[in-house]
Each structure stands twice: as C-alpha cells, then as structure tokens.
Amino acid sequence: QMRKDAGLIDRSVSHEEGNPTSVRVVLAAADQAKAEAFFASKETKDRMAAGGVEGPVSFFYYRVAQKY
C-alpha cells in the first residue's frame with residue numbers, strides 16, 4: 001500500500017540469471033519527485049532492510065518514449 005500511496009505501480013520483479021540475490025524491481029511512477037522521496041525515506045529504507053535487502057541499492061529513472 002505504501003508504494004501505491006506514493007504513486008508507484010509494480011511492473012516486474014526479476015533477478016539476474018544464475019544470481020537470485022541480485023533483484024530488479026521495475027515500477028511505473030506517476031510523479032518522479034514523489035518516487036524519489038519515497039525511496040529516500042527512512043521508513044522505506046527500514047522496511048527494505050527488514051525484508052532482507054543488503055548491499056547498495058541503486059535507482060534510475062527513465063521516460064517511455066513510445067508504447068507498442
């Protein structure tokens with residue numbers, strides 16, 4: 001519910017071939033500033049740590065140029 005409240009929509013969850021500990025989560029964001037604030041929040045970081053997230057977490061944002 002927290003992601004939904006931040007305007008985030010789950011698109012996919014996957015991991016590297018042969019490395020199930022390297023996880024990728026793709027989300028659609030209605031508002032990039034809200035998404036950045038959500039991921040920077042202490043509550044989100046604490047929940048990720050409690051869920052077993054270890055090591056550096058990286059984010060990148062892109063805009064879909066054309067839908068097919």
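**View 1. Lys34, a partly exposed residue of helix H2****.** At 42% relative accessibility, Lys34 counts as partly exposed, a class between buried (under 20% relative accessible area) and exposed (over 50%), with a 1.4 Å probe and protein chains only. Lys34 sits in helix H2; helices here are DSSP runs of H or I with at least four residues, strands are E runs of at least two, and both are numbered from the N terminus. Setting aside residues up to four places away in sequence, Lys34 touches Asp5 and Ala6, where contact means heavy atoms within 4.5 Å. The model is predicted, so to speak of local features takes a pLDDT of at least 70 and side-chain atom pairs count only at pLDDT 80 or more, while totals for chains, interfaces and linings use all residues. Residues are numbered from 1 along each chain as its sequence is written, and side-chain values use heavy atoms, with hydrogens and water left out.

**View 2. Thr44, a buried residue of helix H3****.** Thr44 has its place in helix H3 and counts as buried because its relative accessibility is 4%. Beyond neighbours within four places in sequence, Thr44 is in contact with Met2, Phe38 and Phe39. Met2 is 42 residues from Thr44 in sequence, yet their C-alpha atoms are 8.7 Å apart in space.

**View 3. Ala30, an exposed residue in a loop****.** Here we visit the loop between E2 and H2, where Ala30 is found. Ala30 counts as exposed because its relative accessibility is 75%. From Ala30 to Gln1 there are 29 residues in sequence and 15 Å in space, C-alpha to C-alpha.

**View 4. The largest pocket and its lining****.** About 1600 Å³ of space lies in this pocket, a volume being the space filled by probe spheres set on grid points that are joined across faces, edges and corners. A pocket is an open set of points on a 1 Å grid over the protein atoms alone, where a 1.4 Å probe fits and protein lies on both sides within 12 Å along at least five of seven lines; lining residues have an atom within 4 Å of a point. The lining of the largest pocket has 39 residues, and Val25, Val26, Leu27, Phe39 and Phe59 lie nearest the centre. Helix H1 (2–5), strand E1 (8–16), strand E2 (19–29), helix H2 (32–40) and helix H3 (42–50) each supply at least two lining residues. E2 gives the largest share, 10 residues.

View 5. The C-alpha trace spans about 30 × 30 × 20 Å along its principal axes. Buried residues account for 10% of the 68 residues. Of the contacts with a separation of 6 or more, 31% join residues 24 or more positions apart.
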